[in-house]
Amino acid sequence: MFKEYKKLSWFFIWALLMAGGMMYANYSGYRIFTFNSQQQWNAGGPGYHK
Amino acid sequence: MSITGIHTCPDCNLPLTYRCADTNVIVCSHCFAPVKKPADGHLAQRVNLLIAKDEVTPIQIGTQGEWSGKKFEIIGRLRCVFADGFTNNWTMYFDDGGIMMLVENCGQFAVYEKTTLERNIAFSRVAALDYGSETAELIAGKQYTLERKTTCEYMEVEGETWLFDDDGKFTRLEVAAQRGGRLALIENNKGSYITFRIHYVPFPDFAFKNARSLVIGTVTKELSCSTCNEVTRLYSWPLANSYTCTSCGASYTFENGERKFKRRIGLNKSPAIPLHATGVIRGIQYQVVGFMEKEDDESYKWREYTLFNPIQGYAYLSEFNGHWIFLQETGHAPVITNNKTMQFDYDGKVFKLYNQYRYSVVDSRGEFPGNVFDNKKPNCKEWIAPPEIWARELHDSGLCWFQGKHISRSELYAAFGKDISLPFKVGVGAVQPAPGMVGLSLLLRGGAGILLVFLLLFLFSITYNREQVVYENMFVLPGTPEIPPIVTPPFKLDKWRANLEFHISAPINNSWFETAITLVNADNGNEYAVENGVEMYSGYDGGEYWTEGSSSGDVLMNAIPAGNYFLRIDPSKGPGNIETFSLKATYDVPMWRNFFIFVLFALLPLLAVLVLAVIREGRRWQNSPFYHQ
């Protein structure tokens, strides 16, 4: 029954990767392709201290 | 198996021993006289039949097998010789005492089961039907079409068998009905006929024991050319019905066992796979025994290689524009009862008419089944469901069906070795599969399955979203244009990372309100900032009220790390009397947008495959004169 689905194995691997990406994005609260110009400043600034 | 009777041979007077009550002819094991057992079972008489001698068949007397759950043993045969070939009609003697015929025809095997027609239809009426178009109702509700009509010239006998025709000359019709199976009608006397139900069975399904062992590459006949005296070795004789001398191109056919010169043919084209090379194709070892180039009425040329295995019979490799198809003739074929059939369903696939042509042989070498040099230009049709094809040839003796499937160059190199040189591919082949090509139905099912999995995973993941309101307030705005920033009390965000959604709402009308929101981490000073504004305008235009925009909006902060935070809010507003605005911050909200984007990305390859398939199919059908909606 599932033999014919072997032909789509490449697609299922790709879909699995996408599903993993979706789960990670949901878990980390990251909304992909957001262009709302969220800005971020680090208190340490771009430099460093010796 | 018991011995059923003892008689005396009329020639040598030595005893004849019959094993089966239903047989009526036996070859005397002492003097090899063919003897007929009369109906009363007492006196035997000699009959005028030749003795079958050829041993180029995997079946022999004593071969045991199984069919339909019943064990049988081969006890004899009738070798029926037709104008363009012969069949071996082996006598199957079953454990229960019954007999049937196992008809062997060039590697095809069929069990003939005697049956009786419900309707009495004249043999001549069935014989007069047009092949594959006219029909007759032989069984109630089943329209049968005539597929083949052959006349047996004479019969040879071996062992103990059932002679169904006394003089050995009969006409045999093969008829078929959609969902009605196949029947053989054999005219044994003027006007009367016997009917058999035909069961085509693949050779391995019989699980034969004590079969004759045949070795591929065995020379079965050597013939000197009448033109150049060069000796030609045949490997598939007596099945081969025509051959070409590889030295001078003289082409011969065998008619009633006699060789006849037909014509001299070109030897201009060299086969890409050498003649007499051997290779394993799809699990069966074949030898290339023939090569020919065919040309249709529109001057298109293609090449065909005749393959032979002593047990499986003939197979063919067809090459056009570097695309290869592996074909085998089979009686277990579709049944078409209309000459205008554009497509048919077979084995769950839709086969569409792709090509129609008549051909002649313009170049050849080696040996071939059938008479290929008669210049009669058979009418051919091809129906495709890539990578499969059904090709039908209409000859004088009826229809021949060939079942084919695309075969890749790499399969051919694997079969015949790297030394062969195959032509380059041009364009899209008739049944060439696209890389990763799958049926539309499978694509849709696969896509729907993935969609369902994504939905379930997403619904599962959002059960862990808190949707916790961490800050909510309504602010009163001063009447001045400059609005001082607002700093909120601290609140805690305690997930590793999560989003934070702000919902802003202001009672605006024909104005705008905007605010910058900075989320400040009180522990380390890191800041995350977004801006969002709302605007709403309304009025009358031509007596109709219109509105544009909205008085509320949302903005989301991504992936905020855990920590203690407060907000710094910097509002600004447009003209008009905007006295208040409200802000609600919700922590860890579900993101359906993510779901839709990931689903879209996951399904993109399927869409790409579909688009490529549409393009490829368009190119494939450019070579066809037929159009299918």
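**A close look at one arginine**

Author: The domain assignment divides chain B into domain 1 (5–206), domain 2 (221–416), domain 3 (441–465 + 590–629) and domain 4 (469–589). Keep in mind that this is a predicted model. The C-alpha centres of domain 1 and domain 4 of chain B are 93 Å apart.

Now zoom in on B:Arg172. This residue sits in strand 14 of chain B, which covers residues 170–177. Is B:Arg172 buried or exposed? B:Arg172 is buried, because its relative accessible area is 13% and the cut-off for buried is under 20%.

Next, look at the side chain. The side chain of B:Arg172 has a polar contact of 2.5 Å with the side chain of B:Tyr112. Another polar contact, at 3.0 Å, links the side chain of B:Arg172 to that of B:Glu174.

B:Cys152 counts as buried because its relative accessible area is 1%. B:Cys400 is in no disulfide either. For B:Cys400 the nearest cysteine sulfur is that of B:Cys380, 9.6 Å away. B:Cys400 is buried too, at 14% relative accessibility.

Last, step back to where the chains meet. On the chain A side, 33 residues are in contact with 42 residues of chain B. The size of an interface is often given as the accessible area lost when the parts come together. Chain A and chain B bury about 3500 Å² between them. Carbon and sulfur atoms account for 65% of that area. Across this interface there are 0 salt bridges. Polar contacts do occur, with 13 residue pairs counted between chain A and chain B, both residues at pLDDT 80 or more. Two elements of chain A give two or more residues to the side that touches chain B: helix 1 (9–28) and strand 1 (39–41). Helix 1 of chain A gives the most, with 15 residues.

Notes:
Residues are numbered from 1 along each chain as its sequence is written. Chains are lettered from A and ligands numbered from 1 in the order in which they are written. This is a predicted model: local features need pLDDT of at least 70, side-chain atom pairs count only at pLDDT 80 or more; totals for chains, interfaces and linings use all residues. Side-chain values use heavy atoms; hydrogens and water are left out. Helices (H or I, at least four residues) and strands (E, at least two) are DSSP runs, numbered from the N terminus. Buried means under 20% relative accessible area, exposed over 50%, partly exposed in between (1.4 Å probe, protein chains only). A polar contact is a pair of N or O atoms within 3.5 Å; within protein, one must be able to donate a hydrogen and the other to accept it, and residues adjacent in sequence count only if both atoms are side-chain atoms. A disulfide is a pair of cysteine sulfur atoms within 2.5 Å. Domain bounds come from an automatic or database domain assignment. Contact means heavy atoms within 4.5 Å. Buried area is the accessible area (1.4 Å probe) that two parts lose on being put together, summed over both. A salt bridge is a side-chain nitrogen of Lys or Arg within 4 Å of a carboxyl oxygen of Asp or Glu.
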